[in-house]
Amino acid sequence: MLSTSENVESQPNPRRRRGYGAVRQCVEFLVCLGIAVSLCKTFAVETYMIETGSMAPGFYGWHREVTCPQCRWHFAFGVEQDQGDGEAVCPNCGFGEIPVPALEADSGDSQNVAGDRVMVHKHLFDHRPPRRWEVAMFRNPGQPTDNYVKRIVGLPGETIQLRDGDVYINGEIQRKTLDQQRQMRIAVFDNDYQPSATDRTWHPRWRARSEQSPWRVDGGDFNISLKETSGTISDPSDWIDYQHWIRQGGLRTTTVPLAQWPSEADPPNPFFSNVTYDATKKQLVCRGAMPLAARDHLAGLSQDFAFQQAVDLLFERSHRAPITDGYGYNPSTSETPVRDLMLELQLTFSGGIGEFTVRMSDGREIMDCRLDFSRKMIQLYSSQQTTPIFEQPLPQSLFTGTAKLEMSLMDRQCLVAIDGVLIGQPWTYPTESSPSPLPQQPVQFGAAGINLRVSGIKLFRDVHYLSKSNEAAYLPYQLGDDEYFALGDNSPISEDSRVWLAQPAARKLTSRHFIGRPFLVHLPSKTWRSSISIPDFSRIRYIR
């Protein structure tokens, strides 16, 4: 028995052996993982942090996360470490003077946020050249120690020109695919994020054209019943219009007729008021948006009915402005009108044989996307043609649930998609040499003879490329055999080929400067106590 006991004790403990094996496997795994990551970083993929906002809002540099106190829209406000406190303007509802504390890297503030971190496919451009509208990382041609992320728009040997915010290559406007438009679009207004109805400085931007409208408002949604309309959209009350209501500021001049100024009141002093009376032209004139206090003051000067009407009309019109190229990421005084828009909305159909139509205009062309539920067809019409550009069967998803409709009028091209699938072929129309007026009603939708709920209404704009003083690209520029032209999506503040080529010693972007192609935003935005990175999962995404 003793010998048996000794024999048993001399055997290794199976449990202990399994423990050692598990530890060894874990160590081997971590070592192999470290080697794999090191090899991957050296030869294939590397992570970079974006520090500036030249590609915002697609990619964030150093910034603060801001929530508008009026509409609750969440957005990023770009800041630099050496700047003091700032004030942001909500890009959704236009509410201004939102305080933004300075960004202090070592403050321990849990709201500090760094820039987005992107994973870059290194050496991809060793196998193929960059493509137009593709995001690329490269070394600054003038400062090789600085890495930049921009969008490639001009390729070797081409003649490039920026005109009216668009890119022209060899005299032809460059149009984007639907996926490229989605990658570059910038939010103008999300109807699900609206200020309170008690906010006197705000009017809803989507409004019924008539007080007798059959549309019923439910938060950010619109509902219409077939019992309240005919089968076709024949009455102005069947339409909902988008009016770009601004809260304050602006440089536009608005006028309304007024036969005479009330005799019982003194005309306003032009040095102290943005509202004046032009006795020669018999007009009430306002520079920028009329402040609410100014409207109340003027309304109290006289009880004359014509005067009261003129003041109310001037107040309303002065706040209706064109959609411009403003950015919430950086304060901007630019008010360049933007024509190129995209509408996205959700449709829930529940009966009827009427129709639903989205109408868009860029001031040059008017396009109608018509959903005919009696024939179960979708048609695209142009104001320049009497017959449909295309006619396709309505997707089945429109009859079985909620479907997403997208329509864009960008780059002199109209695209329509339902549930992400392009309907018909893109329709293009030529550019013109003479300027055309801005559209008074850029986007509308209407319905009749159906039960329909319209929700998730979002309006976007295209990137509008600005010219800068002395920049080469404002005039046609011929690219060399190994020369590329790169632009930032945040055009007002981006340092890119427009600036580099305008400098005395022109700095050209060539193939030797490329590092690779960013393909994943893998650790966006947030840091905690200035050292621990916390993923913002809502913004982790692949870069197409």
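Contact here means heavy atoms within 4.5 Å. We're working with a predicted model, where local features need pLDDT of at least 70, side-chain atom pairs count only at pLDDT 80 or more, and totals for chains, interfaces and linings use all residues. Residues are numbered from 1 along each chain as its sequence is written, and side-chain values use heavy atoms, leaving out hydrogens and water.

**Exercise 1.** Work out what surrounds D368.

- Start with its place: D368 sits in strand β21, residues 366–372 (strands are DSSP runs of E, at least two residues, numbered from the N terminus).
- Next, burial: at 10% relative accessibility D368 is buried (under 20% relative accessible area, 1.4 Å probe, protein chains only).
- Now the partners: skipping neighbours within four places in sequence, D368 touches T357, V358, R359, Q379, L380, Y381 and M407.
- Finally, zoom in on R359: its side chain makes a polar contact with that of D368 at 2.7 Å (N or O atoms within 3.5 Å, where one must be able to donate a hydrogen and the other to accept it).

**Exercise 2.** How many disulfides are there in the whole structure?

- Recall that a disulfide is a covalent bond between the sulfur atoms of two cysteines.
- Apply the cut-off, a pair of cysteine sulfur atoms within 2.5 Å.
- Searching the whole structure turns up zero.
- Check C414: it's in no disulfide, and the nearest cysteine sulfur, that of C369, is 7.5 Å away.
- Check accessibility too: C414 is buried, with a relative accessible area of 1%, and C286 is buried at 0%.

Definitions and conventions:
Buried means under 20% relative accessible area, exposed over 50%, partly exposed in between (1.4 Å probe, protein chains only). Helices (H or I, at least four residues) and strands (E, at least two) are DSSP runs, numbered from the N terminus.
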